[in-house]
Amino acid sequence: MLAAVIILSIICMVLLLLLIGEKVSIRKTIREIETRKAGDTNMPLPLAVPDRDIEKMIACLNDYIEQYQTKLSYYVNHDTDFKRQIANISHDLRTPLTSIIGYVQLIQKNSTPEMNTEYLNIVEKKAQLLKSLIAQFYDLSRLDGDEYDLKPERLEVRTMISQAMVDYYNEFEQAGFEVEVVLPDHPVYIMADGKGMMRIFHNLLQNVLKHGKDYLKVGAYCEKGKVKILFENDALPLDETEVAHLFDRFYTADRMRTGQNTGLGLAIVKAMAEHMNQKIEAVYAKGRLKIILTSQMENDFRNDDCTGR
């Protein structure tokens, strides 16, 4: 009887110590949480007293803290990027608008019809630029919000590239570019939105006109069931950082902030390409910038026997 009492007392003592240990562990964990909350730190919570259930609880808390910190970091960065974009939008809209106001004031003060005609032509160009900027901002916001209506259809690559080059033939000729177009010998098809693809081609060609010089090569070739469309041009020296950020909105490699240099053209290209499940990349080597658009091929020529490289 006495032995049973002693054993029961020992068991009760052990249970009491375990209970006290758990309470101490919980209190220490609470203090650790309070300390981290006050100090704004994301260090994981330590395990005060080894216990399976408390260890599991603290592991769950650490997972929650990590997820919270990840989300907080995302929203902080997003907020900073949003404010920067608003500042850039304000600058880009204000530049042509200020110019328009200035020339209108000159027209009001000037009495020469010839000068007024010249100023009105400038005002019209600035107004068209302003309209284009607003359209770009709108398109980018629709792409970000998955509101841009892109309908995939079977498109022939050679025809699209040829049409885009015809659209800009005069501009490249006037700018003094040597233009080379190299296309496959046979029809090559991809699934994409027709208007979206032409928008991509036009933006890339406009980018060459603004920032390239002397030489442009446009081509297409097949590689392991993929169609690669190439835009290659002579360019000013670019470092790895500049190339890596070419598709960032409001980024321009020449760092010149003018009303005609918003850095939105390539951002729209990337957004549209990704919405059509395409890959786009930029490579700079030996004084030339290559922008490569990769799509899944949609015809039977699924091998490397596709000229135009």
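Buried means under 20% relative accessible area, exposed means over 50%, and partly exposed lies in between (1.4 Å probe, protein chains only). The model is predicted: local features need pLDDT of at least 70, side-chain atom pairs count only at pLDDT 80 or more, and totals for chains, interfaces and linings use all residues. Residues are numbered from 1 along each chain as its sequence is written, and side-chain values use heavy atoms, with hydrogens and water left out.

**View 1. The E156 and R158 salt bridge.** A salt bridge here is a side-chain nitrogen of Lys or Arg within 4 Å of a carboxyl oxygen of Asp or Glu. By this rule there are three salt bridges. In one of them, E156 pairs with R158, and the closest N and O atoms are 3.5 Å apart. R158 is partly exposed, at 23% relative accessibility. E156 is buried, with a relative accessible area of 13%. Side chains of opposite charge can pair when their charged atoms come close.

View 2. Strands (E, at least two residues) and helices (H or I, at least four) are DSSP runs, numbered from the N terminus. E232 and R288 meet through their side chains in a salt bridge (3.3 Å, N to O). E232 lies in strand β5 (residues 226-235) and R288 in strand β7, so this pair ties together parts 56 residues apart in sequence. R288 also forms a salt bridge with D234 (3.0 Å, N to O). D234 is in strand β5 and R288 in strand β7, so the pair ties together parts 54 residues apart in sequence. Shared partners join E232, D234 and R288 into one network. Which members are buried, and which partly exposed? E232 is buried at 8%. D234 is buried at 17%. R288 is partly exposed at 29%.

**View 3. T294 in strand β7.** T294 is found in strand β7 (residues 288-296). T294 is buried, with a relative accessible area of 10%. Its side chain makes a polar contact with the side chain of K228 (3.1 Å). A polar contact is a pair of N or O atoms within 3.5 Å; within protein, one must be able to donate a hydrogen and the other to accept it, and residues adjacent in sequence count only if both atoms are side-chain atoms.

**View 4. S295 and its surroundings.** S295 is also placed in strand β7. S295 is buried, at 4% relative accessibility. The side chains of S295 and Q278 make a polar contact (2.9 Å). Contact means heavy atoms within 4.5 Å. Beyond neighbours within four places in sequence, S295 is in contact with I190, K226, V227 and Q278.
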